[in-house]
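Subject: Structure handover

Hi,

Here is the structure for you to look through. My notes follow below it.

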Amino acid sequence: MIKTMTAFTSEVDDSAAAAAEILEQIDIKSLYKNSLGILTCYTDFIDSEVVRAICAALPFDVIGMTTRGTATPAAAGEIALGLLTLTSNDVDFIVGAADLIDRDVDGRVFNAYNEACAKHPGRPAMILTFAPFINDLGGEIIAMSLDKASGGVPLFGSLVNSGRFSGINQSIYNLKASTNRVVFALLYGDLRPSFFVTSFAEEKVQKKRGVITKSKKNVLMEVNNMPVLDYLQSIGIQKRDGAWTVSTFPFVIDYNDGTRPVARSIYLLTKEGYAVCGGDLPENATLSVGSIDYADVIRTTGKTLEQILQKRDADSSCLLMFSCLIRYFALEAYSTAEMDMVRDVLRDFPGGYIFGYSGGEICPVYTEKGNTVNRFHNCTFIACLL
């Protein structure tokens with residue numbers, strides 16, 4: 001059993017006042033034996049040392065990330081800080097971190113994971129993680145390094161962001177915020193997590209499909225043996241005002257392995273005309289092009305929230321949710337609409353929850369037999385119900 005408590009503040013300038021406000025919303029005396037904090041905040045809360053003051057005042061580990069928007073049952077905002085506290089007598093939380101200061105991602109993550117595992121017998125039930133946003137590295141490399149290290153333990157989390165695809169994107173581990181650190185928590189115990197993934201409505205994905213014929217990890221070079229930009233033009237996608245507006249046409253990738261397709265955002269175009277994407281694009285996978293707008297964000301998120309409410313039972317006490325930054329951009333002038341919908345639909349949710357915007361989503365998908373396979377996503381709303 002996990003009990004949850006949530007806290008929220010928009011006090012970004014006065015660290016002492018913000019810490020006091022958060023502590024007023026958490027009943028420290030009612031904590032069980034084991035506790036973990038999940039924190040999301042706008043980057044200014046780190047600059048003003050609010051995050052540091054809050055973490056220093058709490059008697060448990062805190063992991064989290066910077067984000068463009070945060071929602072909790074109490075409130076929501078773009079320049080805000082939210083804290084979800086998980087506390088339990090029969091679920092253990094072991095926290096670890098790896099600094100990705102070179103390209104040996106697998107080695108550093110493997111060592112950090114094994115160091116954390118050595119503190120607890122058995123196999124974790126799941127992993128929560130917040131990973132750095134490094135354009136030329138790709139989020140899938142980091143996520144899959146944890147997948148490999150753990151042997152496929154269900155993995156849920158997010159790439160950090162600051163409200164744009166460049167800038168100070170930081171992960172949080174207690175008193176330290178970092179631009180190159182992956183942080184994670186191993187959850188041990190009798191947990192039965194349910195995972196939810198949604199990206200585009202079916203009608204928002206082009207029927208034309210191509211085959212990836214040349215790629216290198218998260219860099220797409222050719223589709224149907226054509227340079228990627230030539231392929232896009234061949235299916236009717238053109239430049240706007242003489243430039244490629246790459247964020248407006250995310251890819252949908254089918255691995256052809258029985259799992260549902262995943263979305264991939266284009267982060268940038270290289271001088272060679274290659275598309276650098278948020279996750280891997282393996283050769284021989286099938287590629288189609290999607291689109292997303294305000295109505296699609298509201299419709300898909302709302303539908304998934306209703307599925308969550310149908311799935312929950314008497315033991316459901318915790319809900320973690322992340323939505324891609326591309327979905328936030330699609331809301332345009334109505335930038336808080338998705339967060340407002342979350343709070344409205346979940347107003348009777350019996351436990352605590354936290355919602356944040358993501359630079360890349362990490363969530364398992366289900367096979368036809370009901371098993372989980374860890375995947376990295378873009379342009380996607382993900383949720384984990386505990």
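Helix α4 (residues 105–117) packs on helix α5 (residues 139–150) at an angle of about 45°, with the axes 9 Å apart. The crossing of α4 past α5 is right-handed. From α4, the contact (heavy atoms within 4.5 Å) takes in Val105, Asp106, Val109, Phe110 and Tyr113. From α5, Ile141, Ile142, Ser145, Leu146, Lys148, Ala149 and Ser150 take part. By class, this contact has eight nonpolar, two polar and two charged residues.

This is a predicted model: local features need pLDDT of at least 70, side-chain atom pairs count only at pLDDT 80 or more, and totals for chains, interfaces and linings use all residues. Numbering starts from 1 along each chain as its sequence is written, and side-chain values use heavy atoms, without hydrogens and water.

Next, α7. Helix α7 (residues 294–311) has 18 residues and reaches 26 Å from first C-alpha to last, close to the 26 Å expected at 1.5 Å a residue. Its buried residues (under 20% relative accessible area) include Val297, Ile298, Leu305 and Ile308. The buried residues of α7 pack against β13 (194–198), β22 (318–324), α8 (325–330), α9 (337–345) and β26 (381–385).

Now two backbone points. Most residues other than glycine have a negative phi. Asn284 has a positive phi, near 80°, and sits in the loop between β20 (275–277) and β21 (286–289). Asn284 is exposed (over 50%), at 62% relative accessible area. Glu332 has a positive phi of about 50° and lies in the loop between α8 and α9. Glu332 is exposed too, at 67%.

Best wishes

Conventions
Axes are lines fitted to C-alpha atoms, for helices over the stretch in contact, and angles run from 0 to 180 degrees between N-to-C directions. Helices (H or I, at least four residues) and strands (E, at least two) are DSSP runs, numbered from the N terminus. A crossing is left-handed if the near helix is turned anticlockwise from the far one by less than a right angle, and right-handed if clockwise. Ala, Val, Leu, Ile, Met, Phe, Trp, Tyr, Cys and Pro count as nonpolar, Asp, Glu, Lys and Arg as charged, and the others, Gly among them, as polar. The expected span of a helix is 1.5 Å times one less than its number of residues. Buried means under 20% relative accessible area, exposed over 50%, partly exposed in between (1.4 Å probe, protein chains only).
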